[in-house]
Amino acid sequence: MGSKERIQRQKEETRSNILEAALEIVKEDGWQALSMRKIADKIEYTAPIIYEYFENKEGILLELTRQGNQLLLKDFHQAKAAHDSPKEQLIAMWTAYWDFAFANTQLYQLMFGVDMNCCVTKQIPEGEAAKTLLIDAIIAVMDSENPDKAMVCRKYYTFWSVIHGLISINLVRKCTNDEKMNRQILNDAINGIIKYIND
């Protein structure tokens, strides 16, 4: 390996270490505790080195948001590929969304501004791709070959509002630790919306 490749690999490793350290801090102390200084201390670098990779904390949040959306998009593709029926694909994708939220709680909080002050509002291509995949799945379940765009948008936001709301309630308030009941509520919500998807 040449010196240029070695330097590039070291830069990529340092950048990855910064992002991993940021997530570790958040898992331990919450998003409000994250700072450039704490990240530098965690990886035993000086703060100026962190600024060589990210202009500010918002740059780190943006990159973590992008990575979270990449993971969610991958989960959507896997969920869709596991089923043939459009209805089953749609159910599997929203279930994958739910699972992602609890497997990657800190990233989900950042991506959707749950129980935190900072939320990246810039559009992320991976996030838009995930949304498009869900919208296409909704269209596939609808009776019409050319459904009204406003109707499709309404159905998407109905799904998202209900499922995101259920997730937020569980993340913020911990109303119940009964996983079986939470799954049943999720299934009832998804199937209830699908039942009236053409209305």
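**A tour of the salt bridges**

Start by selecting Lys42: with a relative accessible area of 32%, Lys42 is partly exposed. Keep in mind that you're looking at a predicted model.

Glu28 counts as exposed, at 52% relative accessibility.

Stay on helix H1 and go to Arg15. Show Glu63 as well: the two side chains form a salt bridge at 3.7 Å, N to O. Arg15 belongs to helix H1 (residues 3-29) and Glu63 to helix H4 (residues 57-81), so this contact ties together parts that are 48 residues apart in sequence.

Next, jump to helix H9 (residues 179-195), where Glu179 and Arg183 both lie, four residues apart, or about one turn of the helix. Their side chains meet in a salt bridge of 3.1 Å, N to O. Both ends are partly exposed: Arg183 has 26% relative accessibility and Glu179 has 43%.

For the last stop, select Arg15, Glu63, Arg66 and Glu126 together: salt bridges that share partners join these four into one network. If you'd like to keep exploring, the structure holds eight salt bridges, including the Arg15–Glu63 pair you've already visited.

Note on methods
Residues numbered from 1 in each chain as written. Predicted model: local features only at pLDDT ≥ 70, side-chain atom pairs only at ≥ 80, totals over all residues. Heavy atoms only, no water. Helix = DSSP H or I, 4+ residues; strand = E, 2+ residues; numbered from the N terminus. Buried < 20%, exposed > 50% of the residue type's maximum accessible area, 1.4 Å probe, protein only.
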